[in-house]
Amino acid sequence: MPFSQTPPYSPKSLKHPRSLPRSLNYILKEQRLLFILVGILIGSTFFIIQPSLSILSSSDQRPRISAGSRESVVGNRDRGELAQDFQNHFGNGNYNRYSNGVGRVPVGIGSKRKRIVVTGGAGFVGSHLVDKLIARGDDVIVIDNFFTGRKENVVHLFGNPRFELIRHDVVEPILLEVDQIYHLACPASPALYVCYISCNGFGLAKWGFMVDCAQVQMFYCFWNWLRSLTCDYKTNVMGTLNMLGLAKRIGARFLLTSTSEVYGDPLEHPQKETYWGHVNPIGVRSCYDEGKRTAETLAMDYHRGAGVEVRIARIFNTYGPRMCLDDGRVVSNFVAQAIRKQPMTVYGDGKQTRSFQYVSDLVDGLVALMEGEHVGPFNLGNPGEFTMLELAEVVKETIDPSATIEFKPNTADDPHKRKPDITKAKELLNWEPKISLREGLPRMVNDFRNRILNEDEGKGN
C-alpha cells in the first residue's frame with residue numbers, strides 16, 4: 001500500500017507586534033479612555049479626602065463637652081478613656097488643641113476616674129470620706145456590717161450611680177475589682193468605755209421593769225465588751241488580712257487607718273511616728289491597741305513580702321457631725337450630755353490632755369496619703385492640745401454656760417498625754433489641719449441637737 005506523503009511540520013508563525021497606531025485605536029475605541037480617566041479621578045478623590053473624612057468622623061463621634069453638659073457626658077464614659085481617645089487620635093503634640101472643635105480639653109479629662117472601696121464607709125469618718133470621693137467623681141463601694149455604722153450616714157447617696165453599698169463583714173473574704181482600698185472598718189473603742197449609761201438611758205425603767213440598776217449596767221457593759229473584743233480582734237486581724245489579700249490579688253493600693261492608741265500611755269511627748277509606744281498588752285484597752293499594732297505589722301509584711309502598695313495613717317482624736325451620740329468618746333460625751341442638760345462626765349482629775357481634729361481635716365489627710373508616694377506611717381491629728389477640763393469649758397461656751405461637771409474615777413490605762421507631731425505629714429503630704437476646735441465644735445453641736453431632738457420626739461410617740 002503506497003504511503004501518503006505528509007507535509008513537514010513547521011511552527012506557527014509569530015504575530016507581528018501591534019503598532020502604536022493600533023494600540024491608540026484600541027484605547028480610543030468604545031470610549032475606553034473615558035472609563036480609564038473616570039477611574040483615575042475616583043481613586044485620586046478617595047485618597048485625597050480620606051484623611052479629612054477620618055478626622056470628621058472621629059470629631060462627630062467624640063462627646064461634645066460644654067459647660068452645661070460636661071458632667072452628663074463624662075459620666076457615661078471613663079474620663080481616662082476619653083483622654084486616651086483624644087491622645088490616640090491627635091497625638092501628644094495636638095492633644096490639648098481640640099475640644100468642642102476649638103479651645104482646650106476641659107480640666108479633669110486627663111485624670112482617670114477611680115473605683116474605690118471603703119470598708120466601714122457607713123461610719124462617722126468613713127461616710128465623710130465617701131462624700132469627698134464621690135464629689136470628685138470616683139466610683140465608691142461601701143462595705144459595712146453596721147455594727148457601729150449607720151445607713152443614715154450614707155442615705156443621701158442612695159440613687160447615685162457612682163455609689164454602691166454592700167452589707168458585709170470584712171472578717172469574711174470578698175472579691176471586688178477596684179483601684180484603691182480604704183480600710184476603716186473597726187469599732188473605734190471597746191464598748192466597755194461607755195458604761196456610764198443609766199437604767200433610764202438603757203430603757204428598762206421606761207417600761208416599768210423593776211431591776212437593779214447596777215446589775216443591768218454590769219450585764220450591759222460585759223455583753224458589749226465581749227462583742228467589741230471579738231469584733232476588734234477579728235476586724236483588725238482577719239479583716240485586715242482579707243483586705244490585704246484582696247489588694248494583693250487585684251493590684252490595688254491599700255490604706256490602713258491605724259490609731260494614736262498604738263502609742264499607748266506615751267513616754268514621749270509629742271509623739272513622733274518613730275516612737276514605738278508604751279502599751280499594756282494585757283489591759284482592758286489591749287484588744288484595740290494591740291489589734292491596730294498587729295494590723296500595721298500585717299500591712300508592712302504584705303508591702304515588703306508581696307509588693308502591695310500600702311499606706312498607713314495613725315489617726316488622733318477626731319470629732320464632727322455623724323458621730324455616734326453615745327459612743328463613749330470624750331467630745332461626743334460632753335456635747336450629748338450638755339444638750340440633754342446632764343452633767344458632763346470627767347474621768348480622773350481632768351488634767352489628761354488630748355488633741356482634737358475636725359473630720360474634714362482628717363479626710364483631706366487620708367486622701368493626700370492615699371494619692372501620695374509615701375508608705376508612712378503618718379500622724380494625722382491636730383496638734384492643738386486641751387485638757388479635759390479645758391474641753392469641758394469650750395463645750396459649755398458653745399452649748400450651755402450653766403452646764404455642770406461630774407467627776408468619776410479614771411479608767412484603766414488611760415493615756416495622760418496625747419499630742420501628735422505632724423512634721424512628717426506637713427513635709428511629705430503637704431497636709432495640716434485647718435479647722436480649730438472653737439470653729440468646728442458648733443458644726444457638730446448643730447448635728448447633735450437635730451438628732452437628739454428627733455430621738456426625743458421618737459420616744460414621745
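Helices are DSSP runs of H or I with at least four residues, and strands are E runs of at least two; both are numbered from the N terminus.

## Basis of the model

This is a predicted model, where local features need pLDDT of at least 70, side-chain atom pairs count only at pLDDT 80 or more, and totals for chains, interfaces and linings use all residues. Residues are numbered from 1 along each chain as its sequence is written, and side-chain values use heavy atoms, without hydrogens and water.

Leu33 lies in helix H2 (residues 32–61). Its relative accessible area is 37%.

## Helix H5

H5 is mostly covered, with nine of its 12 residues buried. Among them are Phe124, His128 and Ile134. Their cover includes strand S1 (115–119), strand S4 (180–183) and helix H10 (359–371). Just after H5, Gly137 takes a positive phi of about 105°.

## Around Val335

Which residues does Val335 contact, leaving aside neighbours within four places in sequence? They are Val395, Ile399, Leu441, Met444, Val445 and Phe448. Contact means heavy atoms within 4.5 Å.

Methods. Buried < 20%, exposed > 50% of the residue type's maximum accessible area, 1.4 Å probe, protein only.
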